[in-house]
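Please keep the sequence and the 3D view open while reading.

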Amino acid sequence: MKQLLRTLKRCSVIAAVALATFSLQPSNASAAPAPIVGGTRAAQGEFPFMVRLSMGCGGALYAQDIVLTAAHCVDGSGKDTSITATGGTVDLQSSSGVTVRSTEVLQAPGYDGVGKDWALIKLAEPIDQPTLKIADSSAYDTGTFTIAGWGAATEGGGQQRYLLKATVPFVSDATCQQAYGGDLVPGEEICAGNVSDGGVDSCQGDSGGPMFRKDDAGAWIQVGIVSWGEGCARPGYPGVYTQVSAFASDIASAASDL
Ligand code: 4AZ
């Protein structure tokens, strides 16, 4: 039962996206609803590793021909030519975007809907953009993180044409457990958000996308994968992200086998 309730909290991206229509925000959107939730538009080229997947999830280029996304965004493992990844553009309607088909999917071994929310998608051709390295220790599992995606800008809202971004602070496991209790898997998940005020968060359709920060050398490093949460941007309910550092060696070896 706990598992069922938890699953209901998770994103039903596949159903949602079949119907998804873009919210066309005016470029002078000062009076429009705030994007990702509580964010702003990303500049072209700002996060060149971002991709949009055809089932309505986000992802990041782990390699030019391998996308890291969430396990709950895919169906299982094996040969799979049903997914496309679009990269190289903040505007999903731009002719300068590049869309490439999948050849194979690897869903995290042992994924059962709780924790372990990562997957790799092999692409038929590389997308010629910079990749995003993953954190292989917990050293960067703190501070202020950036999230980005084409998902809803308000809870229950539409998918976005333009890539949106926001920053969210780290939330400790203890604080996150005050919201989610035993549903949180603290060794496999990392939380972020404005617990006291809400207002900034990932939301439906951002799933699978990266949460990242700068490392000590000033390079972007991925620390999370958008996974789940209770609604979007609600006070007291931070976003929950796959803790990438916990799976870095599994991800690297899975990628080398794809
Ligand atoms: C979703 O449904 C979803 N606020 C993604 C992230 C969060 C909640 C829901 C976190 O894809």
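**Overall make-up**

The model is predicted. The chain has 258 residues, and buried residues make up 52% of them. Its secondary structure comes to four helices and 17 strands. Take the contacts between residues at least 6 apart in sequence: 71% of them join residues at least 24 apart. The accessible surface of the chain is about 10,400 Å². Carbon and sulfur atoms account for 51% of that surface.

**Disulfides**

How many disulfides does the chain hold? The count comes to three. Counting bonded cysteines along the chain, the pattern is 1-2, 3-4, 5-6.

Start with Cys-57 and Cys-73, which are joined by a disulfide with an S to S distance of 2.0 Å. The link of Cys-57 and Cys-73 is left-handed, with -85° about the S-S bond. Cys-57 sits in the loop between strand S3 (50-53) and strand S4 (58-63), and Cys-73 in the loop between strand S5 (66-69) and strand S6 (78-79), so the pair ties together parts 16 residues apart in sequence. Both Cys-57 and Cys-73 are buried.

Next come Cys-176 and Cys-191, again a disulfide, at 2.0 Å from S to S. Why is this disulfide left-handed? The torsion about the S-S bond of Cys-176 and Cys-191 is about -80°, so the disulfide is left-handed. Cys-176 belongs to helix H3 (residues 173-180) and Cys-191 to strand S14 (residues 189-192), so this pair ties together parts 15 residues apart in sequence. Cys-176 and Cys-191 are both buried.

Cys-203 and Cys-232 form a further disulfide, with S to S 2.0 Å. The link of Cys-203 and Cys-232 is right-handed, with 85° about the S-S bond. This pair links distant parts of the chain, 29 residues apart. Cys-203 lies in the loop between S14 and strand S15 (210-214), and Cys-232 in the loop between strand S16 (220-228) and strand S17 (239-243). Are these two cysteines buried or exposed? Cys-203 has a relative accessible area of 6%, so it is buried. Cys-232, at 12%, is buried too.

**Salt bridges**

The whole structure holds seven salt bridges. The table lists some of them.

| Side chains | N to O distance |
|---|---|
| Asp-65 and Lys-122 | 3.2 Å |
| Lys-116 and Glu-188 | 3.0 Å |
| Glu-155 and Arg-234 | 2.6 Å |

The salt bridge of Asp-65 and Lys-122 links distant parts of the chain, 57 residues apart. Asp-65 is in the loop between S4 and S5, and Lys-122 is in strand S9 (residues 119-123). Asp-65 is partly exposed, with a relative accessible area of 23%.

Now the salt bridge of Lys-116 and Glu-188. Lys-116 lies in the loop between strand S8 (98-107) and S9, and Glu-188 in the loop between H3 and S14, so the pair ties together parts 72 residues apart in sequence. Lys-116 counts as partly exposed at 26% relative accessibility, whereas Glu-188 counts as buried at 16%.

Last, Glu-155 and Arg-234 meet in a salt bridge. Glu-155 is in the loop between strand S11 (144-149) and strand S12 (159-160), and Arg-234 is in the loop between S16 and S17, 79 residues apart. Glu-155 is partly exposed at 40% relative accessible area, and Arg-234 is partly exposed at 32%. Which residues are linked in a network of salt bridges? They are Glu-155, Glu-230 and Arg-234.

Technical notes: Residues numbered from 1 in each chain as written. Predicted model: local features only at pLDDT ≥ 70, side-chain atom pairs only at ≥ 80, totals over all residues. Heavy atoms only, no water. Disulfide = S-S within 2.5 Å. Helix = DSSP H or I, 4+ residues; strand = E, 2+ residues; numbered from the N terminus. Buried < 20%, exposed > 50% of the residue type's maximum accessible area, 1.4 Å probe, protein only. Contact = heavy atoms within 4.5 Å. Areas by Shrake-Rupley, 256 points an atom, 1.4 Å probe, with all protein chains shown as cover. Salt bridge = Lys/Arg side-chain N within 4 Å of Asp/Glu carboxyl O.
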